[in-house]
Amino acid sequence: MKTLALHNLKGGVGKSAAAVNLAYLAASNDVPTLLWDLDSQGAASWYFHGEPAAEKTKSVLSGSTPVGRLVKPSPYRNLDLIPADFTYRYLDIMLKKVEPPREALARLLKPFSEQYALTILDCPPSLSYLADNIFTAADIVAAPVVPTFLSLRALEQVQDYLRAEKLEPRKLRPFYSMADRRRSLHRELIEQPPPVMARGFAAVVPYSSMVERMGERRAPMAVYAPSEDPALLAYAELWLEIKAALKL
Ligand SMILES: Nc1ncnc2c1ncn2[C@@H]1O[C@H](COP(=O)(O)OP(=O)(O)OP(=O)(O)O)[C@@H](O)[C@H]1O
Ligand SMILES: [Mg+2]
């Protein structure tokens, strides 16, 4: 089983939108997929109509409840969900108590390898114990980056953090998200990506009201958007790049 995380220090950049669309595309591409919503905001859970499992995260982390009990079916074939639980806002504190603290998430994912080919982690915007766990567990950490200097700076901060913490910076694979080619700065940064975007994916997810509609439709874009929609095509391209990188 391969693990893909959608993470960035910066909030509101399209992590959850990408996690949900990629999970749907993977599942419809015959890759049995589990999406784990690790953000207490529960955006990905909302899109998939997921209600949190009754089991408490704490008892799963302590080993007294099997992690499989957290899994809920999604409305789609090949796709299951672990919905966010509001106690996830304390996930950092909970993880800190597990030994060794960086490997708790990787250990929790192990039992899923028989049932799923891919786990996608939708992550909250932070650099924390949870982020250390995510970087340890993931094969690829895909980071959506809006083509602006502040977003690029946040990406640099993540890279610096990974180096300082010896957390395999090579796992970090950025891609442009919410790109608006009518803006000259966006165009320039897309056409001449700065060094921090090296190792990035080529797909560029455009700014699109069709993506925003996911909140209203409570569904991945492929369910309601026309097949030639540019944002949907960008997610499809991104999925193919990730699929190849993960050797799925
Ligand atoms: N490509 C896009 N075009 C237009 N709107 C987008 C796009 N991607 C995401 N959005 C919208 O921007 C908002 C933030 O997106 P999303 O929740 O995916 O970001 P996030 O990085 O997961 O945020 P957070 O850090 O809060 O978890 C949402 O309202 C979403 O609908
Ligand atoms: Mg999110």
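This report walks through the ligand site of a predicted model and then a few spots elsewhere in the chain.

**Around ligand 1**

Let's start with the ligand. The space that ligand 1 takes up is the largest pocket. Helix H1 (15-28), strand S8 (204-206) and helix H9 (209-212) are the elements that each give two or more residues to the shell around the ligand. H1 hands over the largest share, three residues.

In total, 17 residues surround ligand 1, and the closest are Lys15, Ser16, Ala17, Pro206 and Ser208. What kinds of residues make up this shell? Eight are nonpolar, six are polar and three are charged.

| Residue | Protein atom | Ligand 1 atom | Distance |
|---|---|---|---|
| Glycine 14 | backbone N or O | oxygen | 3.0 Å |
| Alanine 17 | polar backbone atom | oxygen | 2.9 Å |
| Serine 208 | backbone N or O | nitrogen | 2.8 Å |

How much of ligand 1 does the protein cover? On its own, ligand 1 has 630 Å² of accessible area, and the protein covers 83% of that.

**A salt bridge between two parts of the chain**

Now for the charged pairs. Side chains of opposite charge can pair when their charged atoms come close. Searching the whole structure turns up eight salt bridges. One pair to look at is aspartate 132 with arginine 102, whose side chains meet in a salt bridge at 3.7 Å, N to O. Aspartate 132 belongs to helix H6 (residues 129-137), while arginine 102 is in the loop between helix H4 (91-96) and helix H5 (104-109), so this pair ties together parts that are 30 residues apart in sequence.

The peptide bond leading from glutamate 99 to proline 100 is cis, with omega near -15°. For a bit of background, most peptide bonds are trans, and most residues other than glycine have a negative phi.

Methionine 178 is not a glycine, yet its phi is positive, at about 55°.

Note on methods: Residues are numbered from 1 along each chain as its sequence is written. Chains are lettered from A and ligands numbered from 1 in the order in which they are written. This is a predicted model: local features need pLDDT of at least 70, side-chain atom pairs count only at pLDDT 80 or more; totals for chains, interfaces and linings use all residues. Side-chain values use heavy atoms; hydrogens and water are left out. A residue is near a molecule or strand if one of its heavy atoms lies within 4 Å of it. A polar contact is a pair of N or O atoms within 3.5 Å; within protein, one must be able to donate a hydrogen and the other to accept it, and residues adjacent in sequence count only if both atoms are side-chain atoms. Accessible areas come from the Shrake-Rupley method with a 1.4 Å probe; for residues, only the protein chains shown count as cover. On a 1 Å grid over the protein atoms alone, a cavity is a set of points where a 1.4 Å probe fits but cannot get out, and a pocket is an open set with protein on both sides within 12 Å along at least five of seven lines; lining residues have an atom within 4 Å of a point. A molecule sits in a cavity or pocket if more than half of its atoms lie within 2 Å of its grid points. Helices (H or I, at least four residues) and strands (E, at least two) are DSSP runs, numbered from the N terminus. Ala, Val, Leu, Ile, Met, Phe, Trp, Tyr, Cys and Pro count as nonpolar, Asp, Glu, Lys and Arg as charged, and the others, Gly among them, as polar. A salt bridge is a side-chain nitrogen of Lys or Arg within 4 Å of a carboxyl oxygen of Asp or Glu.
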